[in-house]
Amino acid sequence: MIIIIDNGIIYFLEVPYLKIAVKQLRENLSKPHTLRQVQSLSQKVYSWLIKPAEAALADSKTSTLVFVPDGSLRNIPMAALYDGKQYLIEKYSIALTPGLQLIDPKPLRKGLKTIAAGLSEPRSGFSALHNVKRELNEICSQVPSSNILCS
């Protein structure tokens, strides 16, 4: 893993047990009754990925963290990382990108409308996604949208 800070400081970290913790975190995220386990695992991952750079992030007045997750890190929401008091999303804006290619942003068009769709039942060999209904309702409460639930 490489962390690059705005002022040019580069950190390289290797975390031997990261894959195991991320796998356990991912498994528990979909179970609402496992909040304590999720927070504990999330705090471990936070301590490995974010904590070593906290001072540099504060010194550089960083407001947005950009993640290019690879491997097992693609399977967890970075916003769910927890420092013991706050989730990462409460401290920083978070951006995710599948690669390092940057493009010029286009201005957001006014009157944005969203179609939120999800599959809540098992289909074609894929298991059910248990939180789809809750997640769709949350999305629809935040942006003007049509909610389509495919059962």
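In these legends, Ala, Val, Leu, Ile, Met, Phe, Trp, Tyr, Cys and Pro count as nonpolar, Asp, Glu, Lys and Arg as charged, and the others, Gly among them, as polar. The model is predicted: local features need pLDDT of at least 70, side-chain atom pairs count only at pLDDT 80 or more, and totals for chains, interfaces and linings use all residues. Residues are numbered from 1 along each chain as its sequence is written, and side-chain values use heavy atoms, with hydrogens and water left out.

**View A. The chain has five helices and six strands.** Helices (H or I, at least four residues) and strands (E, at least two) are DSSP runs, numbered from the N terminus. Along the sequence their order is β-β-α-α-α-β-α-β-β-α-β. Of the 151 residues in the chain, 26% are buried (under 20% relative accessible area; exposed is over 50% and partly exposed in between, with a 1.4 Å probe and protein chains only). Among contacts (heavy atoms within 4.5 Å) with a separation of 6 or more, 60% join residues 24 or more positions apart.

**View B. The second largest pocket holds about 760 Å³ of space.** A pocket is an open set of points on a 1 Å grid over the protein atoms alone, where a 1.4 Å probe fits, with protein on both sides within 12 Å along at least five of seven lines; lining residues have an atom within 4 Å of a point. Grid points are joined across faces, edges and corners, and the volume is the space filled by probe spheres set on them. The lining of this pocket has 25 residues, and Leu29, Ser30, Asn131, Arg134 and Glu135 lie nearest the centre. By class, 13 of the lining residues are nonpolar, seven are polar and five are charged. Helix H1 (18–29), helix H2 (35–49) and helix H5 (132–142) each supply at least two of the lining residues. H5 gives the most, with six residues.

**View C. Helices H1 and H2 pack at an angle of about 145°, their axes 9 Å apart.** Axes are lines fitted to C-alpha atoms over the stretch in contact, and angles run from 0 to 180 degrees between N-to-C directions. The crossing of H1 and H2 is left-handed, a term for a near helix turned anticlockwise from the far one by less than a right angle. On the H1 side, the contact is made by Leu18, Ala21, Val22, Gln24, Leu25, Asn28 and Leu29, and on the H2 side by Gln37, Val38, Leu41, Ser42, Val45, Trp48 and Leu49. The residues of this contact comprise 10 nonpolar, four polar and no charged.

**View D. Ser42 sits in helix H2.** Ser42 counts as buried because its relative accessibility is 0%. Apart from neighbours within four places in sequence, Ser42 is in contact with Leu25, Ala80, Leu81 and Tyr82.

**View E. Phe67 belongs to strand E3 (residues 64–67).** Phe67 has a relative accessible area of 13% and is therefore buried. When neighbours within four places in sequence are left aside, Phe67 is in contact with Ile50, Met78, Leu88, Ile94, Ala95, Leu96 and Thr97. Between the C-alpha atoms of Phe67 and Thr97 there are 6.4 Å, although the two residues are 30 residues apart along the chain.

**View F. Lys61 lies in the loop between helix H3 (54–59) and E3.** Most residues other than glycine have a negative phi. The phi of Lys61 is positive, near 55°. Lys61 has 72% relative accessibility, so this residue counts as exposed.

**View G. Ser124 and Ala128 are placed in the loop between strand E5 (114–119) and H5.** Ser124 also has a positive phi, near 45°. With a relative accessible area of 73%, Ser124 is exposed, whereas Ala128, at 18%, is buried. Beyond neighbours within four places in sequence, Ala128 is in contact with Ser120, Glu121 and Pro122.
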